[in-house]
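Please examine the model below.

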Amino acid sequence: MRKERIAFIGAGVMGASIIKHLLQNGHEVTVYTRTKEKAEPLMALGASWASSPAEAFKDKDIALTMVGYPTDVEEVYFGEQGLFKTAQAGNIVIDMTTSEPTLAKKIYTHAQTLGVEALDAPVSGGDVGAQNGTLSIMVGGNEHAFNQVAPVLQQFGANIVYQGEAGAGQHAKMCNQIVIASGMIGVCESLAYGLKAGLDLATVLKSISSGAAGSWSLSNLAPRMMKEDFAPGFYIKHFVKDMKIALDESKKMGISLPGLALAHEMYEKLIAEGYGDNGTQALLKYYQ
């Protein structure tokens with residue numbers, strides 16, 4: 001496999017694990033994060049450091065971005081020190097942030113004027129998927145660009161699916177988040193019910209996690225809930241951002257999603273109570 005020169009913007013919970021996979025597979029990786037200290041463990045593994053997205057992308061082949069919010073994505077690409085300042089014809093930029101489909105299309109359109117390919121490729125699978133290299137990746141943009149970077153995505157993804165034109169990856173991720181939002185309510189209510197009924201919850205999970213009720217959240221997050229382990233694999237504050245995007249998009253399309261709206265309201269309450277930096281499994285606190 002060709003060893004790519006990669007700029008990686010963002011080294012959070014998931015981004016750091018992805019960077020490790022890229023380094024282990026022999027790619028040259030230059031990292032930019034707002035807080036250099038976050039990148040120091042990666043630098044010890046062979047990554048280089050840059051003081052801006054533009055500097056990180058200079059003389060590189062591919063840029064991967066995984067930041068917090070759409071405003072961060074906008075700054076990373078279009079800012080004074082953004083990626084487009086040093087992008088060159090033939091480059092490929094891949095935004096893995098869960099962001100707005102309209103912003104993905106804006107990035108794609110501008111990239112085309114520079115001779116650059118842009119893909120929106122949000123991921124699912126949380127910290128565990130990133131660590132194990134088994135993320136699901138939903139990709140929008142030109143298919144030939146997708147085929148070109150697929151070997152790189154395979155370094156940290158196990159289920160990589162081309163969804164269609166620019167923005168399609170983000171729309172697919174909204175479908176993913178909608179399922180998770182309502183599903184998390186079900187997981188929490190199941191545990192609350194089982195506890196009140198005097199059942200051993202670990203024994204309950206043995207039965208229901210492999211039956212028709214089975215889900216990733218039930219298998220991976222319910223055990224954390226039972227231990228009151230609310231450390232973030234995925235932050236509540238970022239999940240609320242995702243749900244807001246999905247609600248806004250559904251409004252534009254003229255559809256009502258009451259399950260999503262309820263989950264959004266519940267998580268907003270947790271943020272108001274100071275749990276925004278907890279993992280999404282902290283929804284259990286709503287029932288306590």
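Q: Why is Asp 59 called partly exposed?
A: Its relative accessibility in this predicted model is 46%. Buried means under 20% relative accessible area, exposed over 50%, and partly exposed in between, with a 1.4 Å probe and protein chains only. Asp 59 therefore counts as partly exposed. Asp 59 lies in the loop between α3 (53-57) and β4, and has a positive phi of about 65° although it is not a glycine.

Q: What makes Glu 228 count as buried or exposed?
A: The relative accessibility of Glu 228 is 54%, so this residue counts as exposed. Glu 228 is in the loop between α11 (222-226) and α12 (236-253), and its phi, near 55°, is positive in a residue other than glycine.

Q: On what basis are the model and its numbering to be read, and what limits apply?
A: Residues are numbered from 1 along each chain as its sequence is written, and side-chain values use heavy atoms, leaving out hydrogens and water. Because the model is predicted, local features need pLDDT of at least 70 and side-chain atom pairs count only at pLDDT 80 or more, whereas totals for chains, interfaces and linings use all residues.

Q: Why is α4 described as roughly parallel to α5?
A: The axes of α4 (residues 70-78) and α5 (residues 101-113) come within 11 Å and cross at roughly 5°. Axes are lines fitted to C-alpha atoms, for helices over the stretch in contact, and angles run from 0 to 180 degrees between N-to-C directions. Angles under 35 degrees count as roughly parallel, over 145 as roughly antiparallel, 65 to 115 as roughly perpendicular and the rest as oblique. The crossing angle therefore makes α4 roughly parallel to α5.

Q: Which residues of α4 and α5 make the contact?
A: Pro 70, Val 73, Glu 74, Tyr 77 and Phe 78 of α4 meet Leu 103, Lys 106, Ile 107 and His 110 of α5, contact meaning heavy atoms within 4.5 Å.

Q: What puts the buried residues of α7 on the same side?
A: In α7 (residues 143-153), Ala 145, Phe 146, Val 149, Ala 150, Val 152 and Leu 153 are buried. They cover an arc of only 155° around the axis, which means that they are on the same side of α7. The arc is that of the directions from the helix axis to the C-beta atoms.

Q: What is the largest nonpolar core, and which residues have the most contacts inside it?
A: A nonpolar core is a set of buried Ala, Val, Leu, Ile, Met, Phe, Trp, Tyr and Cys residues joined through side-chain atoms within 4.5 Å. The largest has 33 residues, and Phe 8, Leu 22, Ile 94 and Met 96 have the most contacts inside it.

Notes: Helix = DSSP H or I, 4+ residues; strand = E, 2+ residues; numbered from the N terminus.
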